[in-house]
Amino acid sequence: MNLEQQLLDLILSSPKTRKIKNMAEELEKESKFTLNMDIEKLKGVWELRWSSSKAPFLDYSPLVDNLQILDPLNLNGLNLLKPKGINSIIGTGIVAKLSSLNEKKIGVSFTHAGIIGPYLGVRKINALAKIKKEQKGWLEITFLSKNLRICRGDKGTLFVLRRIKENILFERFQEFIKSL
């Protein structure tokens, strides 16, 4: 079994183990990712399975999906915390506009944050506020494959995410972005 598959298995079976960091760093050394060649591969729904951050909202929980939905060709992104098992854009979210900074880094400018609610009849409940003071950051993609993404944030945090096959959720994200 190769290192990538071992890491995927580990983040699914033991998402809080310290071994993840070392394995992720080994995979980073093998990375050949460039935005020019691989930007399309970032598109989709990614589940955060491990992070080096101590922030509770960046920690894995079996009750909450911690998702990052990326549409890099349209320069849109959404970080979404939602109840597990609900296949909809519902929960706490922060919307981002994306940009290319260099061959490995994606610029992130947060535009809206708040609660994204369910539909009541034909009306969707949203308590999203436009972010008034500019909030920017970046993500450096340090490893990318079909099923696994490793990246580092502008504050030094290491993230390990797995791609999930949620085409309906991605489609709902695209509809949601159009409604802003």
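1. R149 lies over the face of W46, at 5.1 Å from the ring centre, and the charged end of K105 sits over the ring of W138, 4.0 Å from its centre. A charge is taken to sit over a ring if NZ of Lys or CZ of Arg is within 6 Å of the ring centre and within 35 degrees of the ring normal.

2. On the basis of the note: this is a predicted model, in which local features need pLDDT of at least 70 and side-chain atom pairs count only at pLDDT 80 or more, while totals for chains, interfaces and linings use all residues. Residues are numbered from 1 along each chain as its sequence is written, and side-chain values use heavy atoms, with hydrogens and water left out.

3. The largest nonpolar core has 18 residues, of which L42, I141 and F159 touch the most other members; such a core is a set of buried Ala, Val, Leu, Ile, Met, Phe, Trp, Tyr and Cys residues joined through side-chain atoms within 4.5 Å. At least two residues of this core come from each of β1 (44–51), β4 (91–100), β5 (105–120), β6 (123–144) and β8 (158–164), and β6 gives the most, with three residues. Strands here are DSSP runs of E with at least two residues, and helices are runs of H or I with at least four, numbered from the N terminus.

4. Leaving aside residues up to four places away in sequence, I141 touches F33, L42, K104, I106, R149, I150 and C151, where contact means heavy atoms within 4.5 Å. A second, separate core of 15 residues includes L67, L78, I89 and L169.

5. In helix α1 (residues 3–13), the buried residues include E4, L7, L8, L10 and I11, buried meaning under 20% relative accessible area, exposed over 50%, and partly exposed in between (1.4 Å probe, protein chains only). These five residues cover an arc of only 165° around the axis, which puts them on the same side of α1; the arc is that of the directions from the helix axis to the C-beta atoms. N2 caps the N-terminal end of α1, with a side-chain oxygen 3.3 Å from the backbone nitrogen of E4.

6. H112 is placed in strand β5 and is buried, with a relative accessible area of 16%. Not counting residues up to four places away in sequence, H112 touches G93, I94, V95, L128, A129, K130, I131 and L180.

7. N126 lies in strand β6 and is partly exposed, with a relative accessible area of 34%. The C-alpha atoms of N126 and I115, which are 11 residues apart along the chain, are separated by 5.9 Å; with residues up to four places away in sequence not counted, N126 touches I115, I116, G117 and F176.

8. The count of aromatic pairs comes to one, the rule being that rings of Phe, Tyr and Trp (its six-membered ring) pair if their centres lie within 6.5 Å, with planes under 30 degrees apart counted as stacked, over 60 as edge-to-face and the rest as tilted. The rings of F170 and F173 have their centres 6.0 Å apart and their planes at 50°, so the pair is tilted. F170 and F173 are both buried and, being three residues apart in helix α4 (residues 167–179), are separated by about one helical turn.

9. L75, in the loop between β2 (64–71) and β3 (76–83), has a positive phi of about 65° although it is not a glycine. At 40% relative accessibility, L75 counts as partly exposed.

Terms used
Polar contact = N/O pair within 3.5 Å; in protein donor to acceptor, adjacent residues only side chain to side chain.
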